[in-house]
Amino acid sequence: MPLRPADLTRRKQAGLPITMLTAWDALSAAVVAGAGVDAVLVGDSLAMVVLGHATTLPVTLEEMLHHCRAAGRGLAAVAAHDPPLLICDLPFLSYQCGADAAVAAAGRVLKETPAVAVKLEGAEPETLAVIDRMVRSGIPVMGHLGLTPQSVHQLGYRRQASDPVSQERLRRRALALQEAGCFALVIEHVPEELASGLSASLVIPVIGIGAGDGCDGQVRVTADLLGLTSRQPPFSPPLMQGRALAVEVLGRWVREQGPAAAPRPATRPASPAAPHC
Ligand code: KIV
């Protein structure tokens, strides 16, 4: 049976941890589905991870739809009968320019891709109104609070909610998202006690990244875990050095073909960290 958004709440109620990984195409989706994750997120971090942008802001709705369709094909190839939940990020400015445009953008995700839910960032009054419209239109919505990369020019990539006032604000916003009808909440780069407190107080699952081990579930950018990106966020250490390993084995193949130019370094020289999530 395909997993549905409401199944995540049942998992939380049963005390089962929830896992979510990002995918950006058929290949990565097949890999993470093969690993057995509960949910696959076509995150707008793909703007940085695979499209080479400096932030998540430039990625368009058309590009997200294109990548989400590809990820869906990857899931169908390996998990046709029991696919993980496929969720697609709504990109910057696809849901901030009026409720009609926002519902239409989210509707395109459900009509034109195999995703069954969208994720969007923040809990401003306009965003809450948009979520309410989406949910009443039959579109499941996942919220995202804490470090919200679409607000990078206001928040930076710093840890969020470090003082009691901003922690109380975040708690209120999380509750507002639940009341607006979100089926789950991603919480990014906030103090561990805040995230575990939210997990305990909310009915909907809280899925953390850089938010400690006390959440109902965990999400990671797959390219970070595999060590494929040149710079990892500090809160998402790689499980393997995939990029260096790939350069090494491919370099060996290149050298086996005959005399070659000197190999290039696997990673760029150190520069200020710009995590993509
Ligand atoms: O875009 C993304 O990959 C995300 C995850 C970090 C949750 O939003």
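## H4 against H5

In this predicted model, H4 crosses H5 in a right-handed sense. The two helices, H4 at residues 61-78 and H5 at residues 99-112, pack with their axes 10 Å apart and at an angle of about 25 degrees. Angles under 35 degrees count as roughly parallel, and H4 and H5 therefore fall into that class.

Who does the touching? On the H4 side it's Leu61, Glu62, Leu65 and Arg69, and they meet Ala105, Arg108, Val109 and Glu112 of H5.

## H5 against H6

H5 also packs on H6, the helix at residues 125-136. Here the axes are 9 Å apart and the angle is about 50 degrees, which makes H5 oblique to H6. The crossing of this pair is right-handed.

From H5, the residues involved are Ala99, Asp100, Ala102, Val103 and Ala106. Their partners in H6 are Val130, Arg133 and Met134. The class count for this contact comes to 6 nonpolar and 2 charged residues, again with no polar ones.

## The nonpolar cores

Met134 turns up again once you look at the largest nonpolar core, which has 58 residues. Together with Ile187, Met134 touches the most other members of that core. Which helix gives the most to it? That's H4, with 6 residues.

Ile187 has quite a list of contacts once you set aside its neighbours within four places in sequence. Leu145, Leu170, Ala195 and Leu198 are on it, and so are Val206, Ile207, Gly208, Ile209, Ala211 and Cys215. As background, nonpolar side chains tend to be buried together in soluble globular proteins.

## Thr19 in strand E1

Over to a strand: Thr19 sits in E1, which covers residues 18-22. Is Thr19 buried, exposed or partly exposed? Its relative accessible area is 36%, so Thr19 counts as partly exposed.

Leaving out residues up to four places away in sequence, Thr19 touches Gly36, Val37, Asp38 and Ala39, plus Gln218. Pro84 is 65 residues from Thr19 along the chain, and their C-alpha atoms are separated by 10.0 Å.

Methods
Residues are numbered from 1 along each chain as its sequence is written. This is a predicted model: local features need pLDDT of at least 70, side-chain atom pairs count only at pLDDT 80 or more; totals for chains, interfaces and linings use all residues. Side-chain values use heavy atoms; hydrogens and water are left out. Axes are lines fitted to C-alpha atoms, for helices over the stretch in contact, and angles run from 0 to 180 degrees between N-to-C directions. Helices (H or I, at least four residues) and strands (E, at least two) are DSSP runs, numbered from the N terminus. Angles under 35 degrees count as roughly parallel, over 145 as roughly antiparallel, 65 to 115 as roughly perpendicular and the rest as oblique. A crossing is left-handed if the near helix is turned anticlockwise from the far one by less than a right angle, and right-handed if clockwise. Contact means heavy atoms within 4.5 Å. A nonpolar core is a set of buried Ala, Val, Leu, Ile, Met, Phe, Trp, Tyr and Cys residues joined through side-chain atoms within 4.5 Å. Buried means under 20% relative accessible area, exposed over 50%, partly exposed in between (1.4 Å probe, protein chains only). Ala, Val, Leu, Ile, Met, Phe, Trp, Tyr, Cys and Pro count as nonpolar, Asp, Glu, Lys and Arg as charged, and the others, Gly among them, as polar.
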